[in-house]
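Visitor: Please bring up the model. I have some questions about it.

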Amino acid sequence: MQEPFLIELQKIGEKEIGYISVAQSFSNIPFEIKRIYWIYKTPETVERGNHAHKNTVQVLVCLSGKISITLENRQRKVFDFILDNPNQGLFIPNYYWRKLTFEKDTISICLASSDFDEEDYMRNYNDFLTIK
Ligand code: TYD
């Protein structure tokens, strides 16, 4: 089973002019990017996620602010990550239950391997642990 990992995205530029980072399928992103969405204005008190995907894999990037992410697989192995740097991405494999909290004013972008499909979601934690 694949495990989550951090991807270092190249930081092109310098302090005086600012930076560009790039996500490109099969170059530094290990899948074809089919969909991009972004999450913003999430209150600090809210926990998002609480689902897993059957097929979709994703890379999450924190463009501004800070995200705390807990990922758990069906063997109940837990991985904790902090994203607070726009030149880092977090690869999230399929079948990982995710919980995310966001610092105030955080903006994140998520690159996904599939079109949106509610059928691809597992939103019940017990089903996630037990259903084959
Ligand atoms: P969801 O993936 O459940 O986000 P979170 O776990 O962060 O709350 O999505 C929230 C809602 O947005 C849900 O009703 C599905 C909808 N949505 C789309 O319509 N298209 C998309 O690409 C995504 C990511 C979500």
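Visitor: Which ring does the charged end of Arg74 sit over?
Guide: This is a predicted model. A charge counts as over a ring within 6 Å of the ring centre and within 35 degrees of the ring normal. The charged end of Arg74 lies 4.2 Å from the centre of such a ring, that of Tyr95.

Visitor: And how far is the charged end of Lys11 from the centre of the ring of Tyr19?
Guide: Here a Lys provides the charge. The charged end of Lys11 sits over the ring of Tyr19. Its distance from the ring centre is 4.3 Å.

Visitor: Are the rings of Phe31 and Phe91 stacked, tilted or edge-to-face?
Guide: The structure holds 7 aromatic pairs. The centres of the Phe31 and Phe91 rings are 6.3 Å apart, and their planes meet at 40°. Under 30 degrees would be stacked, over 60 edge-to-face. At 40° the pair is therefore tilted.

Visitor: How many residues apart are Phe31 and Phe91?
Guide: Phe31 is in the loop between β3 (18–20) and β4 (35–40). Phe91 is in strand β9. The pair links distant parts of the chain, with a separation of 60 residues.

Visitor: Is Phe91 buried or exposed?
Guide: Buried requires under 20% relative accessible area. Phe31, at 6%, counts as buried. Phe91 has a relative accessible area of 1%, so Phe91 is buried.

Visitor: Which residues do ring pairs link into a cluster with Phe5?
Guide: Ring pairs join Phe5 into a cluster.

Visitor: What is the angle between the ring planes of Phe79 and Tyr96?
Guide: These two rings are 5.9 Å apart, centre to centre. Edge-to-face needs planes over 60 degrees apart. The Phe79 and Tyr96 pair is edge-to-face, at 65°.

Visitor: Which parts of the structure hold Phe79 and Tyr96?
Guide: Phe79 is buried at 12% relative accessibility, and Tyr96 is buried at 0%. They are 17 residues apart in sequence, so the pair ties together separate parts. These are strand β8 for Phe79 and the loop between β9 and β10 for Tyr96.

Visitor: Why is strand β6 described as largely enclosed?
Guide: Strand β6 covers residues 58–64. The rest of the structure largely encloses it, because the buried residues number 5 of the 7.

Visitor: Which residue in β11 is the bridge partner of Leu60?
Guide: Strand β6 runs antiparallel to β9 (residues 88–92), with 4 bridges. There, Gln58 has Ile92 as its bridge partner. Strand β6 also runs antiparallel to β11 (residues 107–112), with 6 bridges. In β11, the partner of Leu60 is Cys110.

Visitor: Which elements give two or more residues to the largest nonpolar core?
Guide: That core has 15 residues. Those with the most contacts inside it are Leu60, Ile67, Ile69, Leu71, Leu83 and Leu90. The elements giving two or more residues are β6, β7 (67–72), β8 (78–83), β9 and β10 (97–102).

Visitor: How many residues are in the second, separate core?
Guide: This core includes Leu9, Ile29, Val57 and Leu111. Its total is 9 residues.

Visitor: Which backbone oxygen does the side chain of Arg98 reach?
Guide: Arg98 is in strand β10. At 4% relative accessibility, Arg98 counts as buried. Beyond four places in sequence, Arg98 touches residues including Arg48, His51, Gln58 and Leu71. At 3.2 Å, its side chain reaches the backbone oxygen of Tyr96.

Methods:
Residues numbered from 1 in each chain as written. Predicted model: local features only at pLDDT ≥ 70, side-chain atom pairs only at ≥ 80, totals over all residues. Heavy atoms only, no water. Buried < 20%, exposed > 50% of the residue type's maximum accessible area, 1.4 Å probe, protein only. Pairing = 2+ DSSP bridges. Core = buried A, V, L, I, M, F, W, Y, C linked by side-chain atoms within 4.5 Å. Phe/Tyr/Trp six-rings, centres within 6.5 Å; stacked < 30°, edge-to-face > 60°. Contact = heavy atoms within 4.5 Å. Polar contact = N/O pair within 3.5 Å; in protein donor to acceptor, adjacent residues only side chain to side chain.
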